[in-house]
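Hi,

Here is the structure I promised to pass on.

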Amino acid sequence: MTMNTRSLGTTGPRVSALGLGCMGMSALYGDADRAESIATIHAALEAGVTLLDTGDFYAMGHNEMLIGEALRAAPAARREQALISVKFGALRGPDGSWSGYDGRPAAVKNFAAYSLQRLGVDHIDVYRIARLDENVPIEETVGAIAELVEQGYVRHIGLSEVGAETVRRAAATAPVSDLQIEYSLISRGIEDEILPATRELGIGITAYGVLSRGLISGHFTRDRQLAANDFRAHSPRFQGENLQHNLDLVDALRKIAEQKGVSVAQIAIAWVLSRGEDIVPLVGARRRDRLTEALGALDVDLDEADLAAIERAVPAGAAAGERYPAAQMAHVER
């Protein structure tokens, strides 16, 4: 395994080739083991992973506190290498319900104050609103983050799940380091307009969902029953005929992986890594064994023949079903 580094854009920091998305350690994918989650964060840091991604609304602050606990227990050298990316702005109810997004400048600073306390840090490395607040111009939201940068509470400005026009408007307001957005073999919508725009502007991509929430990990079975508190139980790509179609794609990908002597997850992650040095895949491992498997993708070399075979097996637009239920897709720019 070779843990090289990549850049979060021309204004952002150098980070490890893979980042660790910590959301599943607290929310949306069923129950998680707290001790194993912390051990996985420690194992990631020990392996050279530097980028830890979270959101202040993941289990209403639980995920930030979990990362804070893990960092306090980590050796000083590992703790100091960690770079934390935080999404903010999603509004939750006591019952866990979702009620929109808040990008007002006053709210931005309020969210940041709470995140700093929960994480136990004096600054956030990359700070971004989770989704565009349609009632607040992106210039105002980004401007508020820029003020936090000036005050030393934030190091770099990020964006999340916005389209090319919003990226351009944000970048015209203040230096933007990167855009976090879903990107995988079966989620390639950024390739037409968004990726060309970020590359023109020198903005990096933090790619989440590289295994499409486990769908293309090679571990999801056709008869798997999902818990009621698992997001995927309501996700279009995991329903009925959509699921069977999508797992057919995984079976085709598995044949290529087996020929190379690697796992399906490793070849799927390696494909994202192959798309450019400006793209940093986030892996959502909740356990050390899954982390070890994901890190193995760094040693997978895909040549032109491999990439062509993958393209034939899983062509762009081949997935059945949207990435999110309709109500959530309404908040995603395309």
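A word on terms before anything else: a residue is buried if its relative accessible area is under 20%, exposed if over 50%, and partly exposed in between (1.4 Å probe, protein chains only). Please keep in mind that this is a predicted model, so local features need pLDDT of at least 70 and side-chain atom pairs count only at pLDDT 80 or more, while totals for chains, interfaces and linings use all residues. Residues are numbered from 1 along each chain as its sequence is written, and side-chain values use heavy atoms, with hydrogens and water left out.

Let me start with strand β11. Helices (H or I, at least four residues) and strands (E, at least two) are DSSP runs, numbered from the N terminus. Strand β11 covers residues 204–208, and five of its five residues are buried, so the strand is largely enclosed by the rest of the structure. That goes for both faces: G204, T206 and Y208 are buried on one side, I205 and A207 on the other.

What does β11 pair with? Two strands count as paired if DSSP finds at least two bridges between them. Strand β10 (residues 176–182) runs parallel to β11, with five bridges, and there Y208 is the bridge partner of E182. Strand β12 (residues 279–283) is also parallel to β11, joined to it by three bridges, with V280 of β12 standing opposite T206. There is a crossover here too: β10, helix α7 (residues 194–201) and β11 form a right-handed β-α-β unit. Right-handed means that, with the strands pointing away from the viewer, the path from the first strand over the helix to the second runs clockwise.

Now the charges. I took a salt bridge as a side-chain nitrogen of Lys or Arg within 4 Å of a carboxyl oxygen of Asp or Glu, and that rule gives 19 of them. Here are some:

- R34 and E69 meet at 2.6 Å, N to O. R34 sits in helix α1 (residues 34–47) and E69 in helix α2 (residues 62–73), so this pair ties together parts 35 residues apart in sequence. R34 is partly exposed at 36% relative accessible area, and E69 is partly exposed at 29%.
- R118 and E64 also meet at 2.6 Å, N to O. This pair links distant parts of the chain, 54 residues apart, with R118 in helix α4 (residues 105–119) and E64 in helix α2. R118 is partly exposed at 21%, whereas E64 is buried at 0%.
- D102 and R104 have their closest N and O atoms 2.7 Å apart. D102 is buried at 11%, but R104 is partly exposed at 46%.
- R188, E191, R275 and E311 are linked in a network of salt bridges.

On a 1 Å grid over the protein atoms alone, a cavity is a set of points where a 1.4 Å probe fits but cannot get out, and lining residues have an atom within 4 Å of a point. Which residues line the largest cavity? They are E182, S212, R213, S235, R237, F238 and R323.

Over to you!

Terms used:
On a 1 Å grid over the protein atoms alone, a cavity is a set of points where a 1.4 Å probe fits but cannot get out, and a pocket is an open set with protein on both sides within 12 Å along at least five of seven lines; lining residues have an atom within 4 Å of a point.
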